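Subject: Handing over the structure

Dear colleague,

I am passing on the structure below, and after it I have set out what was found. Please read the notes with the structure open beside you.

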Amino acid sequence: MSTLRRLAAPLAIVAAVVLVYMQNPWLEPPEGLRPALTVIFWVLAIVVVIAMFEDRKAPEAQVVEVEGPTFTRYLFSNTRAGLFWLPVRIFLGFSWLEAGWHKFEGEGWMDGGSALRGYWERAASIPEEGRPPISFEWYRDFINVLLDNNAETWFAPLVTFGEIAVGVGLLVGALVGVAAFFGALMNMSFLLAGSASTNPVLFTFAIGLILAWRVAGYYGVDRYLLPKLGTPWARKVAIKPANGGSAGT
């Protein structure tokens, strides 16, 4: 894994060059080459993320190289800042709970998913004039795959219960960072499908809760839940002894 950590920077540079080539409006890759470049970029990006995850165990990874603003550290790390995030949680929580409950009681979601299928069909359509609702071709292909496989039958209940679960989690302050992440994921899905509505506002607030996951639920269940769960992704850092002996933990 140490070799993988050393390769993180060059692989990230290669991924950046590939992205510049694909997204630069003055450089048009051949149509047949674009899918391969897309796969190459995502493979490199995933490898870089894995390498960065491994790099967290290096002793130098614990050193703060660029200090952040004091208020930012307070907002994302101090339990008293939970009072700031409490109204944000309540607003997002009720927004998601209401949206999910409306789907649960309404038609076309829990009875076959016809409402979701209609939404997908409108989003995936390409009008003769003007811009289509979906800007990214890969996301349109993804929606078409769902349509071709009648995925609305199980996807609609998944969305319904997912929205309710996110709302409840935010309201009671249980695993706020996880709940906010899945809320933001749904916001992004709706935005990619061309539906703005309240999604930009909800997405922005969700990002704040994700960054403040340690303290956002302090005035809620997370005050007691997180200390019990701990942070299972935290690993001990290897420290090299000053006398040149073998490394310990």
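In this predicted model, E137 counts as partly exposed because its relative accessibility is 48%, whereas R140, at 5%, counts as buried. The side chains of these two residues meet in a salt bridge, with 2.7 Å from N to O. Both belong to helix α6 (residues 137-148), and because they are 3 residues apart there, about one helical turn separates them.

By the rule applied here, the count comes to 5 salt bridges. Another of them joins the side chains of R117 and E152, at 3.1 Å from N to O, and this pair links distant parts of the chain, since R117 is in helix α5 and E152 in helix α7, 35 residues apart. R117 is partly exposed, with a relative accessible area of 24%, while E152, at 7% relative accessibility, counts as buried. Through salt bridges that share partners, R117, E121 and E152 are joined into one network. A further salt bridge is formed by the side chains of R34 and E28, at 3.8 Å from N to O; here R34 counts as partly exposed, at 22% relative accessibility, and E28 counts as exposed, at 57%.

The C-alpha atoms fill a box of roughly 70 × 50 × 30 Å, taken along the principal axes. Of the 249 residues in the protein chain, 31% are buried, and the accessible surface comes to about 15800 Å², of which 67% belongs to carbon and sulfur atoms. If one looks at contacts with a separation of 6 or more, residues 24 or more positions apart account for 66% of them.

Helix α4 deserves a separate paragraph. This helix covers residues 82-105, has 24 residues, and reaches 33 Å from its first C-alpha to its last, which is close to the 34 Å expected at 1.5 Å a residue. Its buried residues are G82, W85, V88, R89, L92, G93, W96, G100 and K103, and they pack against α3 (70-77), α7 (152-172), α8 (176-192) and α9 (199-211).

Which residues touch the most other members of the largest nonpolar core? Of the 21 residues in that core, they are W85, L92, W96, L170, L209, A212 and A216. The elements that give two or more residues to this core are α3, α4, α7, α8 and α9, and α8 gives the most, with 6 residues. W96, which lies among the buried residues of α4, touches E163, I164, V166, G167, L170, G183, M186, N187 and F190, when residues up to four places away in sequence are not counted. There is also a second, separate core of 15 residues, which includes L116, A123, L146 and A151.

P25 has its place in the loop between α1 (2-23) and α2 (34-55), and P25 is exposed, with a relative accessible area of 64%. The C-alpha atoms of P25 and F91 are separated by 40 Å, although these residues are 66 residues apart along the chain. S114, in helix α5 (residues 114-124), counts as exposed at 53% relative accessibility, because the cut-off for that term is over 50%. Between the C-alpha atoms of S114 and E54, which are 60 residues apart along the chain, the separation is 44 Å.

Finally, a word on confidence. The protein chain averages a pLDDT of 86, and 91% of the residues score at least 70. Over residues 245-249, however, pLDDT stays under 50, and for this stretch the model has 8 contacts beyond four places in sequence.

With kind regards

Note on methods
Residues are numbered from 1 along each chain as its sequence is written. This is a predicted model: local features need pLDDT of at least 70, side-chain atom pairs count only at pLDDT 80 or more; totals for chains, interfaces and linings use all residues. Side-chain values use heavy atoms; hydrogens and water are left out. pLDDT is the predictor's confidence in each residue, from 0 to 100. Contact means heavy atoms within 4.5 Å. Helices (H or I, at least four residues) and strands (E, at least two) are DSSP runs, numbered from the N terminus. The expected span of a helix is 1.5 Å times one less than its number of residues. Buried means under 20% relative accessible area, exposed over 50%, partly exposed in between (1.4 Å probe, protein chains only). A nonpolar core is a set of buried Ala, Val, Leu, Ile, Met, Phe, Trp, Tyr and Cys residues joined through side-chain atoms within 4.5 Å. Accessible areas come from the Shrake-Rupley method with a 1.4 Å probe; for residues, only the protein chains shown count as cover. A salt bridge is a side-chain nitrogen of Lys or Arg within 4 Å of a carboxyl oxygen of Asp or Glu.
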